[in-house]
Amino acid sequence: MDAQIHVLHVDDNLELATLAADFLERERDRLNVDAVAKPTVGLRKLGETAYDCIISDYEMPGQNGIEFLKAVREEYPALPFILFTGKGSEEIASEAISAGVSDYLQKETGTEQYEILANRIVNNVERTRAQRQLEEQNSHFRQAQSMAHLGSWEKDIQADKIYWSDAVFDIFGLDADVTSIDHDQFMEFVHPADKAHVEGEWRAALTGDEYDVEHRIVTTDGETRWVRERAEITFDKTGAPAKALGVVQDITKRKEQSDRLQKTSARLRALFERSPDMINFHDIEGQIIKPNPQLCERTGYSEAELTDMAVWDLDTELEPDEATSLWKQMRPGESKRVDSTYRCRDGSTFPVEINIRRLDQGHTEHFVVISRDVEQLAELRR
């Protein structure tokens, strides 16, 4: 069902305005028309009720239709306003257009005019509603772009012109009065160390490859940022690249976080590899997942051999059922300390001090075990 349209009809001849309201409502069920006799009353009604359209006569005492239109436009610049008048002239029509009238219709005898007027009302209201919806969608899109640090761009490849959304101004630090740039000007923003890579990816995209590239840019104020660019290229009938529609996203924060994680991971790997302690990871079933070099060296097993073993194959005092029961009772992040004995590949044994911590990842239960040779530790203490 079509949405209702609420109309305000202003005419100093209230009887005629009421009659017109009846005819309009008969023409279209979706029209609801209120009739008033004075523009001042009309302005008050606008403040009280949400109207979708105004119909107004021209010749009225105190304030004519053009003056009423100007008063309405000060508060409601987008509200459809139809001048429906018995006095028609080019001068009035011109003045009405200059004041921002939505439509102009001259009164005639007979009821056919109300069919035309009803069509004009519906067309103007639907056009305004569609425009408002488009503006809201664009506003939401711009907000989403801003939140995602995302901008859109379009390139006329054959004319070598690049156009972009407002968000790109912020990402590249461009002046708002710069409406377009060419490919060479864009490449000036690309970090010198990334120019060859970006140029190569773009040339490949012009032959049909995917264009999805991460690179650095240098903004107009000298700041270095990371961006990700993606684009779809269309080709003309001859097969030549014609247009490119793409997006660019500021991924600087994501890159910085990734770099920090990589550095942290590298430090952890270095600690794992170079630690004087024996370290290994195992799962809830006791399967050894990863041993460090110190554990391999002290026990005489290779990494491949250890990853084929369960922890009780190494720990002589560990019972499988007792161990798994203990591990299941541990909460993520909880630690336990025990003393035990490890068996080496050659059959010899040595006492160890073991610290085990549960480190769950998602739905996977992992445990990190740090073991110290008690004999070596005693020698170091002595």
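**Exercise 1. Find which element gives the largest share of the lining of the second largest pocket in this predicted model.**

Solution. 
- Step 1. Pick out the main contributor: α9 supplies 6 residues, the largest share.
- Step 2. Look at the whole lining, which has 10 residues; Leu268, Arg269, Leu271, Phe272 and Phe281 lie nearest the centre of the pocket.
- Step 3. Sort the lining by class: 7 residues are nonpolar, 1 is polar and 2 are charged.

**Exercise 2. Describe the largest pocket by its volume, its lining residues and their classes.**

Solution. 
- Step 1. The space in the largest pocket comes to about 360 Å³.
- Step 2. Its lining has 21 residues, and those nearest the centre are Asp315, Leu318, Trp327, Val338 and Ile354.
- Step 3. Two or more lining residues come from each of β11 (278–283), α12 (311–314), α13 (320–329), β13 (335–343) and β14 (349–358).
- Step 4. Of the elements, β13 gives the most, with 5 residues.
- Step 5. The lining divides into 12 nonpolar, 3 polar and 6 charged residues.

**Exercise 3. Decide how the rings of Trp327 and Phe367 are arranged, and where the two residues sit in the chain.**

Solution. 
- Step 1. The ring centres of Trp327 and Phe367 are 5.6 Å apart, which is within the 6.5 Å needed for a pair.
- Step 2. Their planes stand at 35°. Planes under 30 degrees apart would count as stacked and those over 60 as edge-to-face, so the rest are tilted. The pair of Trp327 and Phe367 is tilted.
- Step 3. Trp327 belongs to helix α13 and Phe367 to strand β15, 40 residues apart, and the pair thus links distant parts of the chain.
- Step 4. Check burial against the cut-off of under 20% relative accessible area. Trp327 has 4% and is buried; Phe367 has 0% and is also buried.

**Exercise 4. Work out why the buried residues of α1 line one face of the helix.**

Solution. 
- Step 1. Helix α1 covers residues 14–27, and its 14 residues reach 20 Å from the first C-alpha to the last, close to the 20 Å expected.
- Step 2. Ala17, Ala20, Ala21 and Leu24 are buried in α1.
- Step 3. Viewed down the axis of α1, the buried residues fall within an arc of 105°, so they line one face of the helix.
- Step 4. Glu15 and Arg26 are exposed on the other side of α1.

Conventions. Residues numbered from 1 in each chain as written. Predicted model: local features only at pLDDT ≥ 70, side-chain atom pairs only at ≥ 80, totals over all residues. Heavy atoms only, no water. 1 Å grid on protein atoms, 1.4 Å probe; cavity = no way out; pocket = protein on both sides within 12 Å on 5 of 7 lines; lining within 4 Å. Points joined across faces, edges and corners; volume = space filled by probe spheres on them. Helix = DSSP H or I, 4+ residues; strand = E, 2+ residues; numbered from the N terminus. Nonpolar A, V, L, I, M, F, W, Y, C, P; charged D, E, K, R; others polar. Expected span 1.5 Å × (residues − 1). Buried < 20%, exposed > 50% of the residue type's maximum accessible area, 1.4 Å probe, protein only. Arc of directions from axis to C-beta. Phe/Tyr/Trp six-rings, centres within 6.5 Å; stacked < 30°, edge-to-face > 60°.
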